[in-house]
Amino acid sequence: MKIALDVMGTDYGPSELVLGAVMAVKEYGCDVVLVGDEPTIRELLKKYGAENDPHLLVQHASQVIDMSEHPGIAVKTKKDASIVVATDLLRNKECDALVSSGSTAGNRDADSEPDGHDGPAGQRSEGRCQAGTHGPECHHGLHLRGADAGHPESPRGPAEHRGRGNERK
């Protein structure tokens with residue numbers, strides 16, 4: 001599975017998200033596309049000793065959407081924002097899932113087609129990180145989309161949900 005990770009969509013900067021991706025790749029063997037400012041991401045990968053890991057790919061995005069911006073307007077005017085670039089990777093089937101800790105509205109609006117309908121082929125499925133509950137709001141601020149991520153019946157749902165009765169029967 002290849003996961004697009006918007007590392008710029010957080011109040012705390014990309015450091016923790018890049019570290020989490022490095023740890024996830026080592027533990028689960030998945031491929032992660034880190035989306036954001038390439039020089040910053042490469043510097044962090046070097047810091048964490050993962051600059052040559054073939055499972056960690058970098059997709060440059062030159063813009064970010066600030067929390068003070070209106071998400072619906074920002075995703076239309078900032079075409080190179082990290083959430084827009086990450087969503088395009090999912091839409092174009094270059095990735096199987098998308099994880100972002102950015103604004104729910106920004107994630108929703110980036111995933112909408114120009115006609116305002118949900119994104120690619122019904123791939124939109126936001127999972128709530130709270131154990132046993134699912135919905136568009138997530139108390140950790142993580143938004144999982146694509147490949148039925150976070151769906152209560154998905155065996156690929158969030159790790160904290162596995163083993164809590166949410167596995168596919």
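1. Ser82 belongs to helix H4, residues 82-91, where helices are DSSP runs of H or I with at least four residues, numbered from the N terminus. Its relative accessible area is 3%, so Ser82 is buried (under 20% relative accessible area, with a 1.4 Å probe and protein chains only).

2. A word on the basis of these values: this is a predicted model, in which local features need pLDDT of at least 70 and side-chain atom pairs count only at pLDDT 80 or more, while totals for chains, interfaces and linings use all residues. Residues are numbered from 1 along each chain as its sequence is written, and side-chain values use heavy atoms, leaving out hydrogens and water.

3. Next, the helix pair. H1 (residues 15-28) packs with H2 (residues 38-47) at an angle of about 55°, and their axes are 10 Å apart; axes are lines fitted to C-alpha atoms over the stretch in contact, with angles from 0 to 180 degrees between N-to-C directions. H1 is therefore oblique to H2.

4. Who meets whom here? Ser15, Val18 and Val22 of H1 meet Leu44, Leu45 and Lys47 of H2. The residues of this contact comprise 4 nonpolar, 1 polar and 1 charged.

5. Finally, the cysteines. Cys30 is buried at 13% relative accessible area, and Cys95 is buried at 3%. Across the whole structure, a search finds 0 disulfides (pairs of cysteine sulfur atoms within 2.5 Å).

Key: Helix = DSSP H or I, 4+ residues; strand = E, 2+ residues; numbered from the N terminus. Parallel < 35°, antiparallel > 145°, perpendicular 65-115°, else oblique. Contact = heavy atoms within 4.5 Å. Nonpolar A, V, L, I, M, F, W, Y, C, P; charged D, E, K, R; others polar. Buried < 20%, exposed > 50% of the residue type's maximum accessible area, 1.4 Å probe, protein only.
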